[in-house]
Amino acid sequence: MFDHHKKRAFLLFAAADVILTILAFEAAYQTRVFLPLPRVFFITTPIKALLLGFVLVSWLLLGRSIGAYARLYGSNTRSAILDTLHQVIFGALGLIVFIYFLRMDISRPFIALFIIYDFLLLSVYRAAAGRLRGWIRRQFGAEFFCVVVGEGRDALQAARALEEAEEFGVRLLAYVDLSGEEGEEIEFGKRYPVKRLSDLAGLLRDDVVDEVFFGRRGQARRPGRDLPALRRAGVRTRVGTQFFPHVHSRVFLDRFGDLPLLTFSTTPHDELRLLVKRAADILLAAASLLVLAIPMLVVAVAVKATSPGPALFVQTRCGLNGRRFRFYKFRSMVANAEAMKKDLLHLNEKDGPAFKIAADPRLTPIGGFLRRYSIDEWPQFWNILRGDMSFVGPRPAVPEEVEQYLTWQRRRLRMRPGLTCLWAIRGRDALDFENWMRMDLEYIDNWSLWLDLKIVLYSIPLVLAGRGAS
């Protein structure tokens, strides 16, 4: 459905989460109070408010991160239950960690009861939400009527999508065919009259028309000459992005001063979520550097002791939108490894501009171990803290590789490079160069905070099992 409908769904689900979670929290509290257990249960009002505040904030952030509020439930009960399960499980883990660090003495049965009650209440509501919304619209007549103007596949696709959205109050009134071909009806699930462009004014005059959709692929007729008449009639008008060259971009309206701008973007542009991602990077990178300070010193000494040369390998890599930065690793190869590369090109096991040798003769005595467990990557926490990199994103490439990219492959540079990525958990060295690039673009096209979290969680066991080398 439309973005404004999704925003309504977000507000509806978020408000329901707050209300139902408060009910679950209070129900769990009262249940635990009256349970005949040996230990008397009581929480002071300030502690209770602190716990409930943490729960509500974390529940809402998790719901947004996993996309639970963006989905329109109703017919898909399984999705509703799975999203709720993910939200409650991760929320419960966060709550337990919160209680532990604050040294709170909270009843475990109370926490268990709250999790069970909240899961049940949220699951039932979300599974029924779509059906309830459709029933309310049918009872109170909250529906709007649409006309599709166009020809070809795109116009038919728009008409079919509107017809399938009937449960949300959408009614397809007519189809206006710009091709000028004769026709009386068009059929999807129902039959709809086919009109000519000359009939559009009559439709606006004689029928209830809330919105007009222009959908058409090609360079022939543009909607521009029809828009003034529709504007004068006060009809909301929507134009498919097929009228513009950036057909695969996300389109949104922005403003620079007093200048309205129609913006096309093929990369994530949600500033709030990107800010959360950056804040998480800063916190986790700073914590990692503090925790690993002494182990990193030990590794640096071991690198220096086992082979001549510096402890750190410093290289120029390409970051966000091609910005170049100094990339840090613990040195796992001999000091002149880059100079030896041209003599080893015949051993390269990768296609495209990438270079990889399984049993690389340039490795130092401890280089293989450092790579196997990704210990050589630890200095990149500094790159993350500086903003050159993120924990999750396409791996940073050297400029020589980037110069050989095809045009479509350069889009992977539009996301901040990362320590781990999608292809790292899906086959790694078994992938050819083109699939590697396509997985980076798949990550960009489907990016969310929830996807980042899943990639991190899948990467941890790979690193611990010694399959974390990249």
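## Salt bridges

Arginine 386 and aspartate 388 form a salt bridge in which the closest N and O atoms are 3.0 Å apart, a salt bridge being a side-chain nitrogen of Lys or Arg within 4 Å of a carboxyl oxygen of Asp or Glu. Aspartate 388 is buried, because its relative accessible area is 14%, where buried means under 20%, exposed over 50% and partly exposed in between (1.4 Å probe, protein chains only). The structure is a predicted model, in which local features need pLDDT of at least 70 and side-chain atom pairs count only at pLDDT 80 or more, whereas totals for chains, interfaces and linings use all residues. Residues are numbered from 1 along each chain as its sequence is written, and side-chain values use heavy atoms, with hydrogens and water left out.

Over the whole structure, a search finds 10 salt bridges. One of them joins lysine 329 to aspartate 376, with 3.2 Å between the closest N and O atoms; lysine 329 lies in strand β10 (residues 324-330) and aspartate 376 in the loop between α11 (367-372) and α12 (380-386), so the pair ties together parts that are 47 residues apart in sequence. Helices (H or I, at least four residues) and strands (E, at least two) are DSSP runs, numbered from the N terminus.

## A buried charged network

Glutamate 377 and arginine 395 also meet through their side chains in a salt bridge of 3.2 Å, N to O. This pair links distant parts of the chain, 18 residues apart, with glutamate 377 in the loop between α11 and α12 and arginine 395 in the loop between β11 and α13 (399-402). Lys329, Asp376, Glu377 and Arg395 are linked in a network of salt bridges. Each of these residues counts as buried: lysine 329 at 9% relative accessibility, aspartate 376 at 1%, glutamate 377 at 6% and arginine 395 at 9%.

## The second largest cavity

Arg395 is also one of the residues that line the second largest cavity, among them Cys318, Gly319, Arg412 and Met415. This cavity has a volume of about 50 Å³, and its lining has seven nonpolar, one polar and two charged residues. On a 1 Å grid over the protein atoms alone, a cavity is a set of points where a 1.4 Å probe fits but cannot get out, and a pocket is an open set with protein on both sides within 12 Å along at least five of seven lines, while lining residues have an atom within 4 Å of a point. Grid points are joined across faces, edges and corners, and a volume is the space filled by probe spheres set on the points.

Helix α8 gives the most to the lining, with 11 residues. The lining divides into 30 nonpolar, 11 polar and seven charged residues, where Ala, Val, Leu, Ile, Met, Phe, Trp, Tyr, Cys and Pro count as nonpolar, Asp, Glu, Lys and Arg as charged, and the others, Gly among them, as polar.

Lysine 277 is found in helix α8 and counts as buried at 8% relative accessibility. Beyond its neighbours within four places in sequence, lysine 277 is in contact (heavy atoms within 4.5 Å) with residues including Ser390, Tyr443, Trp447 and Asp452. The C-alpha atoms of lysine 277 and serine 390 are separated by 8.3 Å, although the two residues are 113 residues apart along the chain.
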